[in-house]
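Reader: Could we go through the salt bridges here? I would like to begin with individual pairs.

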Amino acid sequence: WTFCKAQLSLSQPPTESVSLEQTVKLPCTMSGGSISDRNVYWYQQRPGTAPRYLLRYKSDSNKHQGTGVPTRFSGSKDNSQNICYLTISGVQAEDDADYYCAVWDTSADVVIFGPGTKMAVKTSSPKAPAVSLLPPSADELATKQTVTLSCLLHGFFPRTATVTWKGDTTVLSTGVQNSEVKADGASDYKMSSYLTLSAADWKKHNAFSCLVSHESKTITQSITKSECLQS
């Protein structure tokens with residue numbers, strides 16, 4: 001007979017949405033072992049930043065709070081369901097982040113992480129991004145091969161924003177590259193979008209625009225080729 005030990009795994013819901021000042025419980029469910037006698041570690045990661053250790057929880061009498069982590073972050077377990085919870089009380093805008101649970105698998109000598117939960121904090125007062133549209137460099141314009149326009153967004157909340165490029169009234173999708181959304185201070189976000197055009201596509205249009213769609217509003221920034229040549 002051959003017996004195979006079940007491999008530990010952790011599951012987490014992919015998304016969660018919560019309003020400011022509310023309380024949320026993020027679950028982490030273990031398969032392949034019992035969670036009751038294990039330390040469960042919780043981490044927070046805002047886009048573009050390193051993970052932050054929040055806490056370790058084994059039981060109410062055996063737990064640890066990370067340095068500088070407020071007590072509104074706490075752990076608990078439902079051993080009958082094999083679940084560990086991270087509870088966040090009085091949710092703040094800066095709690096908008098991804099949350100990961102982890103356990104140490106002693107038999108395999110590895111750390112097992114859950115896939116993470118992306119938690120979005122809802123607010124009745126979203127913060128619009130500041131948007132800047134930058135022209136191609138003088139060197140690009142001089143070589144007349146390819147040119148790149150840059151649309152920079154910063155200082156917005158919540159974290160979801162989309163950018164659409166237009167040449168005159170035509171939507172442009174080729175040559176568009178968007179950066180990942182990253183943290184911008186304690187609770188805001190930033191991102192960039194770039195439009196790279198061939199010399200032929202550059203000649204087709206007289207003006208270029210980036211249209212930014214955010215929960216707060218839609219913002220359009222435009223620039224003409226004559227302005228680019230003067231910059």
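Reader: Which residue forms a salt bridge with Asp96?

Author: In this predicted model, the partner of Asp96 is Arg159, with the closest N and O atoms 3.0 Å apart. Arg159 lies in the loop between strand 13 (146–156) and strand 14 (161–167), and Asp96 in the loop between strand 8 (83–88) and strand 9 (97–105), so the pair ties together parts that are 63 residues apart in sequence.

Reader: Is Arg159 buried or exposed?

Author: Arg159 counts as buried because its relative accessibility is 8%, under the 20% cut-off. Asp96 is buried as well.

Reader: And what about Asp98: how far apart are the closest N and O atoms in its salt bridge with Arg159?

Author: They are 3.5 Å apart. This pair also links distant parts of the chain, with Asp98 in strand 9 and Arg159 in the loop between strand 13 and strand 14, 61 residues apart. Asp98 has 17% relative accessibility and therefore counts as buried.

Reader: Changing topic, which residue pairs with Lys127?

Author: Asp188 forms a salt bridge with Lys127, and the closest N and O atoms are 2.8 Å apart. Asp188 is in strand 18 (residues 188–198), whereas Lys127 is in the loop between strand 11 (117–122) and strand 12 (130–134), 61 residues away in the chain.

Reader: Where do those two stand in terms of burial?

Author: Asp188 is buried, with a relative accessible area of 13%. Lys127, at 43% relative accessibility, counts as partly exposed.

Reader: Which residues do shared partners join into one network?

Author: Asp96, Asp98 and Arg159 are joined in this way.

Reader: How many salt bridges are found in the whole structure?

Author: The search finds five.

Methods:
Residues are numbered from 1 along each chain as its sequence is written. This is a predicted model: local features need pLDDT of at least 70, side-chain atom pairs count only at pLDDT 80 or more; totals for chains, interfaces and linings use all residues. Side-chain values use heavy atoms; hydrogens and water are left out. A salt bridge is a side-chain nitrogen of Lys or Arg within 4 Å of a carboxyl oxygen of Asp or Glu. Helices (H or I, at least four residues) and strands (E, at least two) are DSSP runs, numbered from the N terminus. Buried means under 20% relative accessible area, exposed over 50%, partly exposed in between (1.4 Å probe, protein chains only).
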